[in-house]
Amino acid sequence: MKRKVAVLPGDGIGKEVMEGTMKVLNAVADRFGHTFEFQQGKIGGAAIDEDGSPLPDETLRICRESDAVLLGAVGGPKWETLPGHLRPERGLLGIRKELGLFANLRPVTAFESLLDASPLKPDRIKGVDMLIVRELTGGLYFGTPSERRQNGKEVVDTLHYTREEIERIVDQGFEAASKRNKKLTSVDKANVLESSRMWREIVEEKAKNYPEVEVEHMLVDAAAMKLVQNPAHFDVIVTENLFGDILSDEASMITGSLGMLPSASLRSDGFGMYEPVHGSAPDIAGKNLANPLAMILSSAMMLKYSFDMNEEAESIEKAVKEVLDAGYYTNDLANGSPKALGTDAMIKKVIYQLEEADATAGIMEAYA
């Protein structure tokens, strides 16, 4: 099978984790008889420096002609003084909007071998396996007007949603819950916000179509506390843009590092953009210190959600788990371990596990 993948390394460590991920995908292609055709584009600060825009038209063309998009990370201090519409993050918000990527999926898994890396007590996070489904193209981040007034003495941001925008992301939450453990937590602020009251009404309406799914409503502040107190309580969380942004970053501490969290941004036809949750980390860029696992796991999500390559996705996830179980970590997780690896070495370990599994399978087949 042949698939075209748009590759947007972005800024900072995005370039090195992306390079390693393409090597992992090539190893998967060799093992399973696929071909991945990569075409690179610019986004964020790198695009500003070369084209004067955080999201050039050429990048959008490349993405629209591809079967899926891999994105590294954007942003950094270099561009912080630019006007708001020229910030690297505008490229990220813009590409989500332009490609219609309204549903963000962020799995949060507590790896057994990383329990001690989390600031939370191991007994609190053991067995955690949740999915956060976040609305991505509405809410405060996109509402208008968003401006300063009265010579800077006033400011306004607008939280805006249509019924259709809420319905489609709630459906995504229910669909995900129905395929997992059939429990959905809808997070809102219905005691204060009218948008949240409408959100809660729609969840109740949609629940009638999913009688097998247990539904609970939780205020966002209570959900934030519950994520620390008892994260294993959650299976699927569905929420709006701002709340999802904050809660998913909080949930990253369950894994011990942002460097372990992949994500998928999807639209209804299965097309998606896949990116790690972490930022561009310019302070360690080019130093062979970045954790590439979130980017690698994001590529596994691409195989699963956009290409229906479930076995191939599981082979990547299994390789990552085996490397961690063997005690190999990058510096963000190592905690002084003598087996701490740099970016390049971690990538090689994952590829070795993929190739070793292939070789073992061949031997087993020969002796069957």
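In this predicted model, helix α8 (residues 220–229) and helix α9 (residues 241–251) have axes that come within 10 Å and cross at roughly 10°. An angle under 35 degrees counts as roughly parallel, and α8 is therefore roughly parallel to α9. On the side of α8, the contact is formed by Val220, Ala223, Ala224, Leu227 and Val228, which meet Phe243, Leu247, Glu250 and Ala251 of α9. Sorted by class, the residues of this contact comprise 8 nonpolar, no polar and 1 charged.

A second helix pair can be described in the same terms, since two packed helices are described by the angle between their axes and the distance between the axes. Helix α10 (residues 293–305) and helix α11 (residues 310–325) have axes that come within 7 Å and cross at roughly 160°. Because angles over 145 degrees count as roughly antiparallel, α10 and α11 are described as roughly antiparallel to each other. The crossing in which α10 passes α11 is left-handed. From α10, the residues Leu293, Ile296, Leu297, Ser299, Ala300, Leu303 and Lys304 take part, and they meet Asn310, Glu312, Ala313, Ile316, Glu317, Val320 and Leu324 in α11. The contact of α10 with α11 has 9 nonpolar, 2 polar and 3 charged residues.

Helix α11 also packs with helix α1 (residues 14–32), at an angle of about 130° and with the axes 11 Å apart. The two helices, α1 and α11, are therefore oblique to each other. Here α1 passes α11 in a right-handed crossing. Val24, Leu25, Val28, Arg31 and Phe32 of α1 make this contact together with Glu311, Glu312, Ser315 and Ile316 of α11. By class, the contact of α1 with α11 contains 5 nonpolar, 1 polar and 3 charged residues.

The discussion now turns to aromatic side chains. The model has 2 aromatic pairs. One of them joins Phe36 and Phe307, which are stacked, at 6.3 Å centre to centre and with 20° between the planes. Phe36 belongs to strand β2 (residues 35–40), whereas Phe307 belongs to the loop between α10 and α11, so the pair ties together parts that are 271 residues apart in sequence. Phe36 has a relative accessible area of 7% and is buried. Phe307 counts as buried at 4% relative accessibility.

Phe174 and Tyr210 also form a pair, and their ring centres lie 4.8 Å apart with the planes at 10°, so this pair is stacked. Phe174 is in helix α6 (residues 163–179) and Tyr210 is in the loop between α7 (194–207) and β9 (214–219), so the pair ties together parts that are 36 residues apart in sequence. Phe174 and Tyr210 are both buried.

With a relative accessible area of 11%, Trp79 is buried, because buried means under 20%. Leaving aside residues up to four places away in sequence, Trp79 touches Asp11, Gly45, Ala46, Ile48, Asp49, Arg87 and Pro88. Between Trp79 and Glu89 there are 9.9 Å in space, C-alpha to C-alpha, and these two residues are 10 residues apart in sequence.

Notes
Residues numbered from 1 in each chain as written. Predicted model: local features only at pLDDT ≥ 70, side-chain atom pairs only at ≥ 80, totals over all residues. Heavy atoms only, no water. Axes fitted to C-alpha atoms, helices over the stretch in contact; angles between N-to-C directions. Helix = DSSP H or I, 4+ residues; strand = E, 2+ residues; numbered from the N terminus. Parallel < 35°, antiparallel > 145°, perpendicular 65-115°, else oblique. Left-handed = near helix turned anticlockwise from the far one by under 90°. Contact = heavy atoms within 4.5 Å. Nonpolar A, V, L, I, M, F, W, Y, C, P; charged D, E, K, R; others polar. Phe/Tyr/Trp six-rings, centres within 6.5 Å; stacked < 30°, edge-to-face > 60°. Buried < 20%, exposed > 50% of the residue type's maximum accessible area, 1.4 Å probe, protein only.
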